[in-house]
Amino acid sequence: MTAHYDDLETRDPAEREEALAEALPAAIQRARTAPALARLLREVDPQQVRDRAALASLPVIRKAELSEAQKKSPPFGGYATRLAAEFDHIFQSPGPIYEPGRRDGDWWRLGRFLFAAGVRQGDIVQNCFGYHLTPAGMMFESGARAVDAAVLPAGTGQTELQVRAAVDIGTTVYAGTPDFLKVILDRADEMGERLSITRAAVGGGALFPSLRQAYADRGIVTRQCYATADLGNIAYESEAMEGMIVDEGVIVEIVRPGTGDPVPEGEVGEVVVTSFNPDYPLIRFATGDLSAVMSGTSPCGRTNMRIKGWMGRADQTTKIKGMFVRPEQVAALVARHPEIARARVIADRSGEMDVMTVQLESTADSGEAYAASVADTLKLKGRIEIVTPGSLPNDGKVIEDRRSYD
């Protein structure tokens, strides 16, 4: 029988939505105590935001906005509900972007993922995520504490010392980026050492099927999570190995890139996350990542929404003829014409010149009727191609760059 971290994971979906109706207004109310969110949500009545449809009417927060806000009001840009000195940690990620952290509880909610990965009391986790400035090391250490596992705070690099420690201590679990474990294993082979690692909890990079199989061939079961420094755990794999299950501490929406509009189930779009973290309550925070909602529930018994995992980046801003074309502009073009279902801008080269083609899913007879709208919204002229509704690829792209830079 599958073990679960808590009863939240196996709730009836209707029960989860009922709980959401209570949690969302409280989260919005709490968020309004953060100065930046107070300005953003000042016209919002928290009591009216009780379901996903109401949530979808709120504005999306993008990373670029958070970064600009932090420059004006360091370190957190007014998005935290506590003063900087009231947190236990302050981290710096590339950008730079500053993120808060606390020791209390499982602040980033990684314990749920580690439990699903089979980590328990009695395990020793070799935590190879970075501890210097960035939060990943502390995120996974906090999760390991939540499942009562011991931690070797190994950090990155120093491969020979990593092997020596793994042998001497008898570490049973690797935590880190997917590829660094192979570096450790290969070094152990060179040193003639045999490691006791049987599980790997990975994130922060692509886990290719061939690499997962290479670990399996060594007797190591590998599971991955989807987490960010801003939001903590978003989704994670279970033993069912069918997509990634959304964490119980967040709401995930998949929206059309450049907008805040949710797409139908199965359609690829940008991952937007609302966090219930009372200290750092990001509301509809756009991750810039692409994914899609999977139908049904996981065979492992966990009943929350599933997503397909990381499917690329949503930020498709492209320079064509010296002008930037952004997903928001493509969305504005579609919004002008109700008969257009979807649009795709293609950047290509003809001779030594940039060319732009705008593909529109429409029932119109020709593209001439859209020429003025294209020029006005995209600030460029290009060829307009009418395509059959439903014929554009389901890959989340609204801007495709076909130019070769070799």
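1. Arg187 and Glu190 form a salt bridge, with their closest N and O atoms 2.8 Å apart. A salt bridge here is a side-chain nitrogen of Lys or Arg within 4 Å of a carboxyl oxygen of Asp or Glu. The two residues are 3 residues apart in helix H8 (residues 180-191), so about one helical turn separates them. Helices are DSSP runs of H or I with at least four residues, strands are runs of E with at least two, and both are numbered from the N terminus. Glu190 is exposed, at a relative accessible area of 60%, while Arg187 is partly exposed at 26%. Buried means under 20% relative accessible area, exposed means over 50%, and partly exposed lies in between (1.4 Å probe, protein chains only).

2. A word on the basis of these values. This is a predicted model, in which local features need pLDDT of at least 70 and side-chain atom pairs count only at pLDDT 80 or more, while totals for chains, interfaces and linings use all residues. Residues are numbered from 1 along each chain as its sequence is written, and side-chain values use heavy atoms, with hydrogens and water left out.

3. Helix H7 (residues 159-169) holds Asp168 and Arg164, which are 4 residues apart and therefore separated by about one helical turn. They form a salt bridge in which the closest N and O atoms are 3.4 Å apart. Asp168 is exposed, with 55% relative accessibility; Arg164 is partly exposed, at 32%.

4. Another salt bridge joins the side chains of Glu385 and Arg383, at 3.3 Å from N to O. Arg383 counts as exposed, with 51% relative accessibility, and Glu385 as partly exposed, with 24%.

5. How many salt bridges does the count come to? The count is 39. Asp6, Glu9, Arg109, Arg112, Glu239, Asp247 and Arg302 are linked in a network of salt bridges.

6. Strand E7 (residues 221-228) is mostly covered, with 6 of its 8 residues buried. Strand E6 (residues 199-202) pairs with E7 in the parallel sense over 4 bridges; two strands pair if DSSP finds at least two bridges between them. Ala201 stands opposite Arg223 in E7. From E6 the chain passes through helix H9 (residues 209-217) to E7, a β-α-β crossover that is right-handed. That term applies if, with the strands pointing away from the viewer, the path from the first strand over the helix to the second runs clockwise.

7. E7 also pairs with strand E8 (residues 232-236), in the antiparallel sense and over 4 bridges. The two strands form a hairpin with 3 residues between them. Thr228 has Gly232 in E8 as its bridge partner.

8. The chain is divided into domain 1 (7-312) and domain 2 (318-401), with bounds that come from an automatic or database domain assignment. Their C-alpha centres lie 34 Å apart. Where the domains meet, 8 residues of domain 1 are in contact with 8 residues of domain 2, contact meaning heavy atoms within 4.5 Å.

9. About 670 Å² is buried between domain 1 and domain 2, and carbon and sulfur atoms give 59% of this area. Buried area is the accessible area (1.4 Å probe) that two parts lose on being put together, summed over both. In domain 1, Pro257, Gly258 and Val268 lose the most area to domain 2, together 53% of what that side buries. Between the two domains, the salt bridge count is 0.
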